[in-house]
Amino acid sequence: NIKEITVKVGATKPFDVMHVSDTHLTRSDDRDDERKAWLAARRTRYMGYGEHYLDEAIHHANAHGMYMMHTGDMIDFVSEANLDLTAKQMLAADWFASAGNHEYSKYVGEAREDEAYKADSREAVQGAFPNDLTFASRVINGVDFIALDDVYYNFTERQHELMEEEMKKGLPVVMLCHVPFYGPKLYDFVMTATNNKCAYVTGAPD
């Protein structure tokens, strides 16, 4: 079920990108504890097709010479099996990726997720991906794709500095972020959909 979108941003020549998000791989094996085995079984009931769809996307992209880009939540929770599968799939295509909050979630909702929580698994998670998940740039045919981590609805000062340097290149930019940026129409749409629970956007005014 591929939705085709043509975006004219000033590329030096046309190219195709397969965009995938929220795959939520749910594997676990005997290297993980019993709690993760239970979590894998429970979460697979809701997201078990993610692995299948990911395989199909990779197959289609490779068959049509497409770059592959993922905007977070490749895995549903941190497990040895999920990270192994991610590393394997990253070798199966020409990938560029940004992180989602689930990339660093050890048991899904069991603790306050902040930078200290993220630090516990950052190194292991980073090892499964081909580019820096905090901030990375890749230029394709004159278009600067920038992947950056805003999974907790904010950017760091260092990310701002790196972005300013990228903008000096003078290239059209496509940003890969798990959490979308604030915009009045998007804000109104999401707040209505969640009964005013949360906007789920980065940079919403106080």
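Which residues of helix H6 (residues 157-167) are buried? In this predicted model, where local features need pLDDT of at least 70 and side-chain atom pairs count only at pLDDT 80 or more, totals for chains, interfaces and linings use all residues. Residues are numbered from 1 along each chain as its sequence is written, and side-chain values rest on heavy atoms, with hydrogens and water left out.

Back to the helix: Gln-159, Met-163 and Glu-166 are the buried residues of H6, buried being under 20% relative accessible area, exposed over 50% and partly exposed in between (1.4 Å probe, protein chains only). Helices (H or I, at least four residues) and strands (E, at least two) are DSSP runs, numbered from the N terminus. An α-helix has 3.6 residues a turn, so residues three or four places apart point the same way. Glu-157, Arg-158 and Glu-164, on the other side of H6, are exposed. The cover over the buried residues of H6 includes E4, E5 and E6.

Those three strands form an open sheet with the order E4-E5-E6 and mixed pairing, two strands counting as paired if DSSP finds at least two bridges between them. Strand E4 (135-140) and strand E6 (173-176) are the edge strands, each pairing on one side only. On average, neighbouring strands of this sheet are turned by 20 degrees against each other, direction ignored; axes here are lines fitted to C-alpha atoms, for helices over the stretch in contact, with angles running from 0 to 180 degrees between N-to-C directions. Strand E5 (residues 143-148) runs parallel to E6, and four bridges join the two. In this part of the sheet, Asp-144 stands opposite Val-173 in E6.

Elsewhere, strand E1 (residues 17-20) pairs with strand E2 (residues 67-71) in the parallel sense over four bridges, and Met-18 stands opposite Met-68 in E2. E2 is also joined to E3 by four bridges, again in parallel, with His-70 opposite Ala-97 in E3. Together, E2, H3 and E3 make a right-handed β-α-β unit, right-handed meaning that, with the strands pointing away from the viewer, the path from the first strand over the helix to the second runs clockwise.

In a regular strand the side chains alternate between the two faces of the sheet. For E1, Met-18 and Val-20 make up the covered face, while Val-17 and His-19 lie on the uncovered one. E3 has both faces covered: Trp-95 and Ala-97 on one side and Phe-96 and Ser-98 on the other are all buried.

Lys-8, in the segment before E1, counts as exposed because its relative accessibility is 80%. Its C-alpha atom is separated by 9.9 Å from that of Pro-172, 164 residues apart along the chain.

How values were computed. Contact means heavy atoms within 4.5 Å.
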